[in-house]
Each structure stands twice: as C-alpha cells, then as structure tokens.
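I opened the notebook to record what I looked up in one structure. The entries follow the order in which I worked.

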Amino acid sequence: PPCCGTEAPRQLEFPYYSLRDGFNSTLLLVSASPKPLEFVLAVHSRSGQTVLAPTMTIQPQEKLPIDMASLLTSLSADVTGDFAEGSVSVYFSGTIMPLAGQLTMSNPARRMIFESEMVDNSPGLGLLPPVLNAVWWGLGGGREARIMVTNTSGEAATADVFLDFQGERHESNPLMFAPHETKVLAITELLGELKTSPAQAPEGGITIIPRGPKPALVAQGRITDSATGFSTTLNFLDPSLQRANALHASGVPIGLPSKDSPYAGLGTFVPRVVVRNLAGTPQTVSLTVEYPGPEGPQQTALAPLPLAPYSTEDISLDAAFGLLPMPLPYSSIRVHYSGAPGTLIGEVSSIESNGDLVVDSRLANEGDG
C-alpha cells in the first residue's frame with residue numbers, strides 16, 4: 001500500500017460510501033498531529049477497481065471534509081457506474097494514531113443520513129474483527145435492511161454467512177469477494193432464499209465468518225423506509241472485545257423531552273432496545289433506565305426478559321413511561337445479560353412518533369472504562 005515517511009505505516013478503512021439514489025458522501029478527516037500530516041486516499045469501487053488520489057496534507061487540528069463525488073470526478077472515475085458506491089482506504093505514517101474520521105452519507109430529499117465508521121486496519125496490528133455480527137429489526141412494509149460488506153485486502157476472500165431468526169441459526173450461501181470488492185446484501189432477499197419473509201422474521205441477526213487465518217472483511221448496515229424517511233445505522237461491533245456482560249447507551253431521548261433537553265421541540269420519542277443472543281443457550285436480559293434527578297442520577301429497573309438461543313428481541317420502552325418521572329431531558333439505558341461477556345450484542349434507537357427522525361445511541365461495554 002502507498003504510504004509516506006519513515007514512521008510506522010497506518011491504514012484506515014471506511015467500509016462504504018454511496019453516490020446512488022440521491023445520496024452524497026463526505027469523508028471528514030480530523031488531525032491530532034502536532035505537525036502537518038501527509039496521507040493518500042484509495043477509493044475502491046463496488047467491483048474492487050481502485051483509484052489513488054494525489055498525496056494530500058492535513059494541518060494540525062484541522063477538520064478536512066472531502067466530497068467523494070468531487071474527488072472521484074477529478075480522478076476520472078465513473079460516479080454513475082462502478083464507482084457510484086464502494087469503500088475508502090486512507091494511508092499515512094505515524095507512531096501514534098494522529099488521524100481519525102468518519103464518512104457521512106446523506107440524502108437531503110429523503111431526510112436520511114448514515115455514518116460509515118472508520119476501522120483501524122494498520123499493518124501488523126490485527127485489529128479487524130474475526131467475525132462480523134449485527135442485528136436487524138422492524139422489517140416489513142416499506143422498511144428494509146441492507147448490509148454492505150467490503151474486502152479490505154488485495155486478495156480474493158470467502159466468507160460463510162448465517163442468519164439467526166425464530167430462535168434458530170440458518171446457513172446462507174457463502175460470499176466470494178474479489179480484491180477490494182464491496183457486496184451489498186438485502187436481508188429480505190437472504191430471507192427469501194431461506195423461504196422466509198420479513199413478516200416472519202422482522203428482527204434477527206446476521207453473522208459473517210471469513211475463511212482463512214487473516215480477517216480482511218469490514219461491514220456497515222442500515223435500515224431504511226424511503227416513504228417515511230426512517231433511517232438508522234447498523235453497526236458491526238466485535239463482541240470478543242467485550243470485557244463485561246453489561247452495555248450502556250447514553251443520551252437517549254425518551255417521551256416528550258423537557259424544555260432543557262437538547263431534543264426539546266423535536267417531537268415525542270420511543271426508545272427501542274434490540275438485543276441479540278449470540279449463544280446457543282438461553283439467557284436473561286435486564287434493562288435499567290437511568291436519568292437525571294434533582295439529587296443526582298436516578299435508576300428505574302424493568303422486569304427481566306428471557307432471551308432464547310440465537311434469538312433477537314425488539315423491546316419498545318413505551319411501556320416503561322408510567323414508571324418514570326416524565327418529562328426527562330434524556331436518559332441512559334443499561335443492558336445487563338446473564339451470559340458470558342461477548343454473548344450478546346444490541347442496538348438502541350429512539351424513534352420520533354412520526355417515524356422520520358431516529359436518534360441512534362451507541363452501546364458501549366461497561367468494562368471499557
């Protein structure tokens with residue numbers, strides 16, 4: 001890979017960008033370096049074609065937005081064809097991590113926005129997840145889920161795919177990737193191949209296991225409803241990194257936010273907690289809603305819920321409203337599970353009553369410090 005300087009080579013991956021269907025994509029890079037930093041961008045098309053941008057420089061503390069359509073056009077790439085979607089690699093050098101960023105895809109006409117989070121793929125560090133896990137939820141009607149999986153390596157790759165729904169693990173067709181290829185998977189189509197519909201499996205989980213000794217795949221997902229403007233990002237987190245069997249989501253709007261809330265005036269929100277049991281044995285999930293009180297943080301525990309093997313539960317917290325001193329400016333949600341650390345993953349999203357505004361909150365592990 002291209003790099004610069006004599007320090008350790010660094011490589012960041014952004015699993016997906018899109019210029020299709022009215023979307024624009026912006027890569028925002030942020031420098032923590034005390035000196036100007038040179039970097040090289042490689043853009044990989046959906047089929048795996050690659051174009052290299054000329055070496056760029058980001059100044060200390062600079063936030064540098066890069067419009068993907070403009071960049072690709074300047075490189076004579078076909079933004080209406082193969083390069084209408086794909087992935088981005090960023091190469092630079094450093095003894096620390098002096099560069100970070102995120103890639104934002106937005107569609108103003110549909111009022112949709114998604115994030116493609118960076119993955120550290122620096123040579124020799126082995127930080128790519130050995131297994132990719134995510135959940136889907138709320139499918140049916142016009143709502144659909146898509147999973148974008150990218151091969152970050154310059155070699156062909158194969159992966160096995162499993163779908164968990166209705167309490168069972170189902171094997172899907174394996175994926176075969178060309179170098180740097182991105183595949184877009186529609187959950188509805190994968191369910192159809194297993195003779196199942198979204199109505200039968202509105203929530204579930206997908207597991208992608210790369211073959212071979214060296215992980216090379218990264219992924220990003222999203223759920224959309226183009227009619228209502230509903231959109232939420234699905235993250236592929238590595239459960240093997242979980243140190244504790246408790247997860248936290250903070251800054252979650254709940255109900256009609258109070259006047260001092262950052263969400264005031266945006267509507268009425270119902271948090272959804274989606275939890276997936278990765279284990280072949282049952283476990284119990286306990287939810288606690290945490291919120292600011294006059295004398296400090298307060299907690300309200302909800303009744304424990306059984307979670308069957310390989311099952312996913314979509315839990316709406318509107319039933320908890322009567323237990324809380326509403327209105328609240330915001331809340332945090334703690335998800336404790338009875339299984340070993342790393343046997344449960346989840347998503348927390350708070351949906352405004354009109355369905356066109358979704359606030360996603362990352363679930364962080366309690367053992368992360």
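The notes below cover one asparagine, one hairpin and some salt bridges, all in a predicted model.

**Entry 1: asparagine 121**

I began by finding where asparagine 121 sits. I placed asparagine 121 in the loop that runs between strand 10 (119-120) and strand 11 (132-136). Is asparagine 121 buried or exposed? I read a relative accessible area of 18% for asparagine 121, so I wrote it down as buried, the cut-off being under 20%.

Next I listed the contacts of asparagine 121, leaving aside neighbours within four places in sequence. I found Gln11, Glu13, Leu128 and Thr152. I then looked for polar contacts of the asparagine 121 side chain. One goes to the side chain of glutamate 13, at 2.9 Å. Another goes to the side chain of threonine 152, at 3.5 Å.

**Entry 2: a hairpin**

I turned to strand 22 (residues 283-293) and strand 23 (residues 296-301). I noted that they pair in the antiparallel sense, over six bridges. How many residues lie between strand 22 and strand 23 in the hairpin? I counted two residues between them. I also looked up the bridge partner of glutamate 290 in strand 23, and I found glutamine 299.

**Entry 3: salt bridges**

I searched the whole structure for salt bridges and got 10. As background, I noted that side chains of opposite charge can pair when their charged atoms come close.

I looked at arginine 362 and glutamate 117, which form a salt bridge with the closest N and O atoms 2.3 Å apart. Arginine 362 lies in the loop between strand 28 (358-361) and strand 29 (364-365), while glutamate 117 belongs to strand 9 (residues 112-117), so this pair ties together parts 245 residues apart in sequence. I recorded arginine 362 as partly exposed, at 38% relative accessible area. I recorded glutamate 117 as partly exposed too, at 32%.

I then checked glutamate 181, whose side chain meets that of lysine 183 in a salt bridge (3.2 Å, N to O). Glutamate 181 counts as buried because its relative accessibility is 15%.

My next pair was arginine 334 and glutamate 366, with a salt bridge of 2.8 Å, N to O. I found arginine 334 in strand 26 (residues 331-337) and glutamate 366 in the segment after strand 29, so the pair ties together parts that are 32 residues apart in sequence. Glutamate 366 is partly exposed, with a relative accessible area of 38%.

Last, I noted a network: Arg20, Arg46 and Glu85 are joined by salt bridges that share partners.

Conventions
Residues are numbered from 1 along each chain as its sequence is written. This is a predicted model: local features need pLDDT of at least 70, side-chain atom pairs count only at pLDDT 80 or more; totals for chains, interfaces and linings use all residues. Side-chain values use heavy atoms; hydrogens and water are left out. Helices (H or I, at least four residues) and strands (E, at least two) are DSSP runs, numbered from the N terminus. Buried means under 20% relative accessible area, exposed over 50%, partly exposed in between (1.4 Å probe, protein chains only). A polar contact is a pair of N or O atoms within 3.5 Å; within protein, one must be able to donate a hydrogen and the other to accept it, and residues adjacent in sequence count only if both atoms are side-chain atoms. Contact means heavy atoms within 4.5 Å. Two strands pair if DSSP finds at least two bridges between them. A salt bridge is a side-chain nitrogen of Lys or Arg within 4 Å of a carboxyl oxygen of Asp or Glu.
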